[in-house]
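Thanks for making the time this morning.

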Amino acid sequence: MLVPLLILALLSTVGGLVGIHNGFEHFLAPVFGPEFPESVTTGSSGTEFVLMGISLSFAFAGAILAYILYVSKPYLPERIAENLGGMYRAVFNKYYVDELYAKIFVRPLITGSTEILWQDIDRKVIDNTVNEAGDGARHVSDEVRHMQSGNLRSYAGWISAGAAILIAYMVWLGVGR
Amino acid sequence: MTGPILAQATPQAVEYIRILPEIVLSLFGILIMLLDPLVDEQKSPRTLGLIGFAGTLAALGATWYMSYAPGLAFSSSVRIDGFSVFFHVLVIAIAAVMILSSFEYMSVQHIRAGEYYALILFGAVGMALMSSAIELVLIFIALEISSISTYILAGFRRYQASSIESSLKYFLLGSFATAFFLYGVALMFGATGSTNIDTISHFLQNNPVPLLVYVGTAMMFVGLGFKVAAAPLHIWTPDVYEGAPAPVVGFMSTAPKAAAFAVLLRVVFAINEPGHFWPIWVAAALSMTLGNLGALVQTNVKRLLAYSSIAHAGYLLVAFAMTSSRNSPNGIAAAMFYAAAYAAMNVGAFAVVSHFANAGEQYVTLEDYEGLGRTSPLLAAVLTIFLLSLIGIPMTGGFFAKFYVFSAALRANLIWLTLIGLVNSAIGAYYYLRIIVVMYMREPRKQVPVTPVPFGLGAALTVSLVATFYLGIFPNRVLQYAQRSAPDVLARHVTASPASAVQIPAIASEPALKPAP
Amino acid sequence: MNADILSPYILTLVTFVPLAGALLLVVLPRRDRDIRIFSLVISLLTFVLSLHLPVYFHREHIPFHYEINRAWISSPNIHYHVGIDGISLWLIVLTTFLTPLCVLISWKSVQDRVKEFFILLLILETALIGVFVALDLFLFYFFWEATLIPMALLIGIFGHERKVYAAVKFFMYTMIASVFMLAAILWLYAHTGSFDFVDIRNQIRAGGIPNFPGAAIWLFLGFFIAFAVKVPLFPFHTWLPDAHVEAPTAGSVLLAGVLLKMGTYGMLRFNLGLFPDQSRHNAPWIIALALIGIIYGALVAMVQPNMKKLIAYSSVSHLGFVVLGIFSFTQAGLNGAVFVMLAHGVSTGALFILAGILHERRHTYEISEFGGLASPMPVYAASFLFIVLASVGLPLLNGFIGEFLVLNGAFEARAVYGVLAATGVIWSACYLLWMYQRVFYGKVTHAVNNTLPDLLGFEKAAVWPCAVAALVMGVAPIIWLAAIDPATQSALSPIMQMTAKVVGQ
């Protein structure tokens, strides 16, 4: 882990250094030609160094703080955590963002999809409609089946009924002309 | 004085040719009857069956010969045209295939064979004659010949109560319905003064249609509708098909139906009195629906196929619902094609069913068919193809049959009927599918004996299979033949005054009876 | 020797070589190993033949290439009329690409009735290709129905616990829907005397068909209902989860990879091609259904405990994108729709292959049964991740291209469509990545998973081509779009000619 960090640190330093006084831009200027105006720099070069100094000091301060908390006085972090209590816990738990997300978005989405979309709509409404259609056909078929009673006289009755309707219709047709 | 009448009444040689197939079939039938007591009981199934089969082959040859001599015969009571040749071939071919598939069946079921084959041939005589007769009384005679044979054939498993029951029911109800037909013929005679279809249609074209004609046609519908198992006259079908021997059912569900449809075609389109549209529309829709719905919950395969034949009668009837003369030939051709395709697939299906049924026809429920895909893969595949044809899957004859009927219907703007038909087709796929599912996707729970396929059955199945595929892949030839023959059925003008055998000259010379108010 | 001489017959070859293979299989003796090798050879041969199509794709043959038009049946007037354009071209290649992978993935998993399995698979391939090449309406319907039987048998015989219910549901549901398409086809035939797609389209454009204006909406709906059930479009989608869960792996791959595309292809070719007016007028509610499908499919996918069902619902979601793209009536939308079809075929096909690999080891698809699989099966985990990212729509992979184009088109049509559809991208990341996390990351929760073998040779051969295809499609989509674009342009041109604004009219 150390070696990659060292390399990265070295490169970062180089990258910072070439940027002082727009050095890198002057280097690249011939590529872009006169159409591209140089970046506008407000403030004097003095401001640049002051800003550089401030950010560097923050970095060193952080390094020193880390050294104190973790190396020279390792009991400090726990005491600070206890004293700060809730605030510490909030930060530790990343401001509970994950839990909030889970509560507001994830849980409702999953429950909604499972209960409403899958179970209710897909299974009960759509699928059941299809299955009901099949069952319905079967029930009608069962009813139709009972027309076949096996009784000869009822069969003759059905035939006569059919014949009667047919003849009546034809008579009605013929009379109408 | 009697000379010319006698000369007119004496048939010429060519007229005998026009009933040659019927003569041949009768001769062979008689031969079988005569030989029956002489042939050994063990071998009789084979010998007599072969004679019967030879008879059908001879009859097919006779039909071919007859087709070269079209025209009227026997005092214009019989007409040979493309239409009648088509149905002759169809009926005789069905009889041939059925005989082939009966060889094994007879011996497995221990049935003494003699009269069986003779009855098939005699039945075929009646059915063939039905398609060429244009004289209503002759049609009635032929109808009775075919019916009586099938009544007896239905009860051929004499030791099973169900078979006797189905035969008796068929006989009683069939006679009841045929009586309607005869009464209708009588009324037609009373109304038009003739029983010859050509004369009647000529009369109806030139005179206002009397009320009696409406009633007469209604009654003829009842009689013929019974035969084709069209709703609401279909009630007898499930019981009769369930009890009769399976090969006989294969025969009954195809040949007499085809013949009855031929007669129906002549009656509806040649006589062509207006007003038959709505009854046929309702009958078609009702048959399709009742047939399909009834089949959905059936577990007995024969009963299921019975309901299926009701539904198919419905689909066929759609072709009859075209009334205008522009559309009628399409309808007629479609009906003819459907009859042929339906015959091919149904005969095949029942042949397989009769093989699986085994001794005593024990194995006819869906449960018995479980796992057949594994134990008899070839037979199961063949049955699957017939079932797919019944569903109407492309590449099979069943598809083109429905296709022609429905496209003819759409051209005649029968949108609702077509929609009903198509939706019914799709719903009907379910019960055929169930058989396929049961055969391939279930493990057998019972031990069903599997016997090898005998030669006769194999030949019968091959013929049906080839016919189904031929009609499904190259339907052209048959369809074009049907389309060419279709105009033969339409109302035509009578050229010479017919000396019909039953027409009393005195009445014929009177002017047409006044139409009823 | 220039392979271009094959061009006049190439479509017949590509379509029927699998069928010829199936027929040969019927007579081959039952030696399982030989059967598998033979099937693989046939399917690879078909794939190679199909590669001829894009290579020799002559741009100047418009509108259809490699056309063969031969009279088959004179009455009714049915022709063996086949031809392809940029849209069907790649769908065919997709089919021939997926089939060898199906053969590979079934190498070990199908042990019983091997012969029947591969016969059905090859027949299915012929039927699928036939659907895409047919230019005669009858031929199209014939191949359309012909896909039902092999698929139903594959599910019903070689499937899992509830295979019969799923097979029958699949068959009946799609058959009843396609009956309405048959009615429409018959009506068109009865009133034009022809089944030829080009012919009928010209007649409709010329306005020469009697009764057409009144019947047009019903014809449109007739075709549409058949395609909508196939896509599947919400709310006609419920057959898909059951069919997928119970189907064998090869069946699922072809079902998701190709069969569903038949529906969207039909919408593009027939609904837009024959009835542009009606397409325009009905676009609003169709787009609404598509959007619902995208979001609903994704949300329900998220909460599925069964991996295959999850992928099934994700198909509903993805194909919602396709329908959205088609009915946005924009060039980008159509291009995106076709591209999503191809991308989805590859990535979801691969997902099913991967799920099947897992099923082979543990005989379950339940996500809760797994966990932490990245440790014992690292290669598998990596391949799975790659495919998942392709499905999510990560740039550089194929999913991104298609979704981006569709969103572009949807936004052009109406901003709100684009916005709603874009959320679909988020949802798909949700359910896929969550599933991936539960299955692969973390600790191994069930000890039995520790000893699972990683990808075997034939499994790698089945999965990695998909991964490669996903990558190539993602970085060089122009290879595909070059042929797709002119085809969609010509499909779109009659609609563009209408002056009314796209949707909401």
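In which hand does H11(C) pass H14(C)? The crossing is right-handed, where right-handed stands for the near helix being turned clockwise from the far one by less than a right angle, and left-handed for anticlockwise. Before I go further, a word on the source: this is a predicted model, in which local features need pLDDT of at least 70 and side-chain atom pairs count only at pLDDT 80 or more, while totals for chains, interfaces and linings use all residues. Residues are numbered from 1 along each chain as its sequence is written, and chains are lettered from A and ligands numbered from 1 in the order in which they are written.

Back to that helix pair. Helices here are DSSP runs of H or I with at least four residues, strands are runs of E with at least two, and both are numbered from the N terminus. Helix H11 of chain C covers residues 249–274 and helix H14 of chain C covers residues 331–362, and they pack at an angle of about 165° with their axes 8 Å apart. The axes are lines fitted to C-alpha atoms, for helices over the stretch in contact, and the angles run from 0 to 180 degrees between N-to-C directions. H11(C) and H14(C) are therefore roughly antiparallel to each other, given that angles under 35 degrees count as roughly parallel, over 145 as roughly antiparallel, 65 to 115 as roughly perpendicular and the rest as oblique.

On the H11(C) side the contact includes C:Ala256, C:Gly257 and C:Lys261, and on the H14(C) side it includes C:Gly345, C:Gly349 and C:Gly356; contact here requires the C-beta atoms of two residues, placed from the backbone, to lie within 7 Å. Sorted by class, this contact has seven nonpolar, eight polar and one charged residues. For the classes, Ala, Val, Leu, Ile, Met, Phe, Trp, Tyr, Cys and Pro count as nonpolar, Asp, Glu, Lys and Arg as charged, and the others, Gly among them, as polar.

In the loop between helix H9 (212–230) and helix H10 (239–246) of chain C we find C:Pro232, which is joined to C:Val231 by a cis peptide bond with omega of about -5°.

C:Arg113 has phi near 55° and sits in the loop between helix H3 (86–105) and helix H4 (114–133) of chain C. With 18 other C-beta atoms within 10 Å, C:Arg113 is partly exposed; a residue is buried at 20 or more such atoms, exposed at 12 or fewer, and partly exposed in between, with C-beta atoms placed from the backbone. C:Leu396, with a positive phi of about 90°, lies in the loop between helix H15 (378–392) and helix H16 (398–413) of chain C, and it is exposed, having 12 other C-beta atoms within 10 Å.

By contrast, C:Met307, in helix H13 (residues 307–326) of chain C, counts as buried, with 24 C-beta neighbours inside 10 Å. Leaving aside residues up to four places away in sequence, C:Met307 touches C:Ala355, C:Tyr365, C:Ile367 and C:Met435.

Now to the chain contacts. Eight residues of chain C are in contact with nine residues of chain A, and helix H12 (residues 276–302) of chain C gives the most to the chain C side, with four residues. That side has seven nonpolar, one polar and no charged residues. Between chains A and B, 26 residues of chain A are in contact with 30 residues of chain B, and the largest share of the chain A side, 15 residues, comes from H7(A). The residues of that side divide into 17 nonpolar, five polar and four charged.

Finally, a look at burial in chains A and B. Of the 17 residues of H1(A), the number buried is zero, so this helix lies largely in the open. H14(B), on the other hand, is mostly covered, with 15 of its 20 residues buried. Chain B has 23 helices and two strands, and buried residues make up 64% of its 517 residues.
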